[in-house]
Amino acid sequence: MLNSLYTEAIRKKGLINEPLEEYKETKIDIESKWHEEEIIPSDSNPVLAAGDGSYNKKKYLSFNFYAVAAQSLIYNPNDSESKLKTIESAELDIIPHQSFLEDRLRNMMSIFEIKTAIKTFNDFDIDYYMDDGSILGDLIRPIPVEKSISPEYKAKIIAQVKEKLESEIQSNELNLSSFNFKEEFKDLFEDENIDEYALITFLESLENLIALKYLLENKKKIIAISKTSSSNEIFYANIPDMAILDGMTRKQGFSEPYHRKVTSKTKHDFPIEDEFFRELWFTIFFARLDDNKNIIKIELPYYTKDLDEIREILKVLKSNSTEGYPFLLKKAHKDVVISNQDMDSLSKIIGFLDKSGREMLN
């Protein structure tokens with residue numbers, strides 16, 4: 001099979017061109033959308049933090065073995081004892097085969113990421129927190145099990161657990177609280193034929209949203225950073241804005257910011273704190289921190305048109321960057337990633353005897 005693919009690649013060599021070429025021949029107004037200017041590193045010595053999370057799973061015939069982890073790194077250049085500190089959270093367990101398992105694991109990872117970030121704000125006096133990914137993207141992603149539970153029961157569940165989940169989050173503990181409340185609703189999935197895993201996933205979604213609301217109390221200090229983006233809300237072309245900017249600019253600089261309200265990006269209601277989330281604004285722009293390096297996407301979870309404020313944020317990022325990307329964020333990602341090899345090692349330590357079904361291929 002691979003030989004056929006190599007043959008096809010040779011046949012198509014030179015025939016498949018990058019779509020960007022056709023846009024280079026058109027009149028894309030780069031000048032009005034891109035501020036080409038040198039970004040001077042900040043000399044203010046801010047206290048910075050960065051966070052990321054990871055999850056992975058190993059599939060067995062009768063269950064899945066999963067691991068979830070999150071980490072925050074805190075860098076204080078003025079700390080004479082230890083400039084770099086770490087907050088970590090992790091969990092591993094088995095989980096039955098079920099629908100939307102990837103969505104559930106991603107949501108669990110998000111809970112650990114957010115709670116770790118909240119603890120960072122609670123335990124340290126930081127100036128900026130760099131978050132890997134897009135908060136807006138996470139918010140507009142629908143909850144897959146929403147339709148499995150009626151509005152009546154969702155309201156009952158929320159009324160029963162909202163204050164408890166809030167109390168758990170305020171405790172500053174790094175754990176998955178929602179699973180502990182499953183037994184309180186045992187009658188729902190026994191007497192009312194509600195799927196147990198849909199209920200648990202819904203509880204976890206509530207915990208995620210409540211935790212995110214607490215985190216956004218610090219929204220003026222949060223900078224979400226993405227290495228990739230498929231959005232086309234600057235040039236409205238058939239290829240992403242990031243690809244156009246990366247192909248048609250080489251120098252340092254940043255794009256004109258644009259603004260998105262959560263309401264304009266999603267039609268679904270949030271099961272909890274709907275008014276709060278639907279009124280959120282995001283300021284979004286692209287930047288290149290070093291000449292000839294990659295473009296990054298930056299998202300601020302608040303509304304601003306102040307270009308000087310944006311320049312100051314870029315100076316802070318530049319002061320902690322290598323090769324055009326924040327070093328602290330790169331280290332957080334490298335530290336926290338859970339590889340397939342890690343899953344194999346962890347499963348051997350625990351001593352699983354169940355088969356994965358792939359033994360005959362080895």
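The following legends describe close-up views of a predicted model.

**View 1. Phe 100 in the loop between β4 and α3**

Phe 100 is found in the loop that runs between β4 (84–95) and α3 (101–123). The phi angle of Phe 100 is near 60 degrees, a positive value in a residue other than glycine. Phe 100 counts as partly exposed because its relative accessibility is 45%, which lies between the limits of 20% for buried and 50% for exposed residues.

**View 2. Tyr 236 in the loop between β6 and α8**

The loop between β6 (222–226) and α8 (241–248) contains Tyr 236. Tyr 236, likewise a residue other than glycine, has a positive phi, near 50 degrees. With a relative accessibility of 61%, Tyr 236 counts as exposed, the cut-off for this class being over 50%.

**View 3. Ser 255 and its contacts**

Ser 255 belongs to strand β7, which spans residues 253–255. The relative accessible area of Ser 255 is 0%, and the residue is therefore buried. When neighbours within four places in sequence are left aside, Ser 255 is in contact with Lys 33, Trp 34 and His 35, as well as with Ile 234, Leu 245, Phe 285 and Phe 286.

**View 4. The largest nonpolar core**

This core has 55 residues, and Leu 139 and Ile 157 are those with the most contacts inside it. Two or more residues are given to the core by each of the elements α3, α4 (135–140), α5 (151–170), α7 (196–215), β6, α8 and β9 (281–288). The largest share, ten residues, comes from α7. Another core, of 25 residues, lies apart from the largest one; Ile 39, Leu 314, Val 316 and Leu 317 are among its members.

**View 5. The second largest pocket and its lining**

The second largest pocket has a volume of about 220 Å³. Its lining consists of 16 residues, and Tyr 66, Asp 93, Ile 94, Arg 104 and Phe 179 lie nearest the centre of the pocket. At least two lining residues are supplied by each of β4, α3 and α7. By residue class, the lining of this pocket divides into nine nonpolar, six charged and one polar.

Note on methods. Residues numbered from 1 in each chain as written. Predicted model: local features only at pLDDT ≥ 70, side-chain atom pairs only at ≥ 80, totals over all residues. Heavy atoms only, no water. Helix = DSSP H or I, 4+ residues; strand = E, 2+ residues; numbered from the N terminus. Buried < 20%, exposed > 50% of the residue type's maximum accessible area, 1.4 Å probe, protein only. Contact = heavy atoms within 4.5 Å. Core = buried A, V, L, I, M, F, W, Y, C linked by side-chain atoms within 4.5 Å. 1 Å grid on protein atoms, 1.4 Å probe; cavity = no way out; pocket = protein on both sides within 12 Å on 5 of 7 lines; lining within 4 Å. Points joined across faces, edges and corners; volume = space filled by probe spheres on them. Nonpolar A, V, L, I, M, F, W, Y, C, P; charged D, E, K, R; others polar.
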